[in-house]
Amino acid sequence: MENLENKVALVTGAGQGIGRAIALRLARDGADIAIVDLNDEKVQAVADEVQALGRKATTYKADVSRRDEVYAAINHAQKELGGFDIMVNNAGIANVQPIAELTPEEVDKIIKVNVEGVLWGIQAAAAKFRENGTKGKIINASSIAGHEGFPLLGIYSATKFAVRALTQSSAKEYASDGITVNAYCPGVVGTDMWVEIDKRMAEITGAEIGESYDKFVGGIALGRAQTPEDVASFVSYLAGPDSDYMTGQAPLIDGGLVYR
């Protein structure tokens, strides 16, 4: 069902993994898509896939940690696609490191992308909705690590807890404008990010490659790793009209791994 007909959605980190799956799902739902990422080649491939679904697509290269680039991406989306209705702050990076060994450079980098990137996305999207005089939906990437801190993922977990805080605060601030703000909290997804997490955990703990990943997957009640499409299906709900009365929430979508 095309419940996003005539809507325009911008997805950050849309060149691969969860971001790509979200872009394609929202396109199937009827939306035109602005595909934002740092990788030129990957965004063009996703744009081609969106267009093959019969929807319009535009691409924009942006570093979400840079406030001016996020604002510019939204302006580009509206100019090229004729509107702006849904902001998906999906871009993020991981860090696998014991608390004792974190460096200022590592902490600064992940906070700039995972926290400031979401903050600028919320800020810029809300400003555009207000400018247009329209309601809008802002959807942020948190994580199971935004509900529970995991060993070796301390600073990553901290950033994802911060996303939940920004989601709640901005939901309260923008509700009177008809803008809803929610987050999604995936678990163990079979993406390049998890390949890197598993590899890094193996380096630190001495485990075999794949062992940490398998251990996490073994704890999932539904008995399998998550796919990017599993996440995209939930984001589809957050982007569509059925979630109009929902704001400030960060539900877990993890197959039954963390319970709150």
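Which residues does Tyr156 touch, not counting residues up to four places away in sequence?

View 1. Tyr156 touches Ile93, Ala94, Asn95, Ile110, Asn114, Ser143, Ala145 and Met193, leaving out residues up to four places away in sequence, where contact means heavy atoms within 4.5 Å. The model is predicted, so that local features need pLDDT of at least 70 and side-chain atom pairs count only at pLDDT 80 or more, while totals for chains, interfaces and linings use all residues. Residues are numbered from 1 along each chain as its sequence is written, and side-chain values use heavy atoms, with hydrogens and water left out. Tyr156 lies in helix H5 (residues 154–174); helices (H or I, at least four residues) and strands (E, at least two) are DSSP runs, numbered from the N terminus. With a relative accessible area of 10%, Tyr156 is buried (buried means under 20% relative accessible area, exposed over 50%, partly exposed in between, with a 1.4 Å probe and protein chains only). UniProt, in an unreviewed entry, lists Tyr156 for "active site"; UniProt positions are given in the numbering used here, feature names are shortened, and annotations may be inferred rather than shown by experiment.

**View 2. The largest pocket and its lining.** The largest pocket has a volume of about 1000 Å³, and of the 46 residues that line this pocket, Ala91, Gly92, Ile93, Ala94 and Met193 are the closest to its centre. On a 1 Å grid over the protein atoms alone, a pocket is an open set of points with protein on both sides within 12 Å along at least five of seven lines, a cavity is a set of points where a 1.4 Å probe fits but cannot get out, and lining residues have an atom within 4 Å of a point. Grid points are joined across faces, edges and corners, and a volume is the space filled by probe spheres set on the points. The largest share of the lining of the largest pocket, six residues, is supplied by H6.

**View 3. Asn89 and the largest cavity.** A search of the whole structure finds one cavity of 30 Å³ or more, and the largest cavity has a volume of about 40 Å³. The residues that line the largest cavity are Thr12, Val64, Asn89, Asn90, Ala91, Val113, Gly117 and Val118, with H4 giving the most, three residues. Asn89 is found in strand E4 and is buried, at a relative accessible area of 2%. Leaving aside neighbours within four places in sequence, Asn89 is in contact with residues including Thr12, Gly117, Val118 and Tyr184.

**View 4. Aromatic pairs.** The structure holds five aromatic pairs (rings of Phe, Tyr and Trp, the last by its six-membered ring, pair if their centres lie within 6.5 Å; planes under 30 degrees apart count as stacked, over 60 as edge-to-face and the rest as tilted). The rings of Phe84 and Phe129 are stacked, because their centres lie 4.9 Å apart and their planes stand at 15°. Since Phe84 lies in the loop between helix H3 (67–81) and strand E4 (86–89) and Phe129 in helix H4 (residues 104–132), the pair ties together parts that are 45 residues apart in sequence. Phe84 counts as buried at 2% relative accessibility, and Phe129 is buried at 0%. Phe234 and Tyr237 form a stacked pair, 6.0 Å centre to centre with 25° between the planes, and both lie in helix H8 (residues 228–239), three residues apart.
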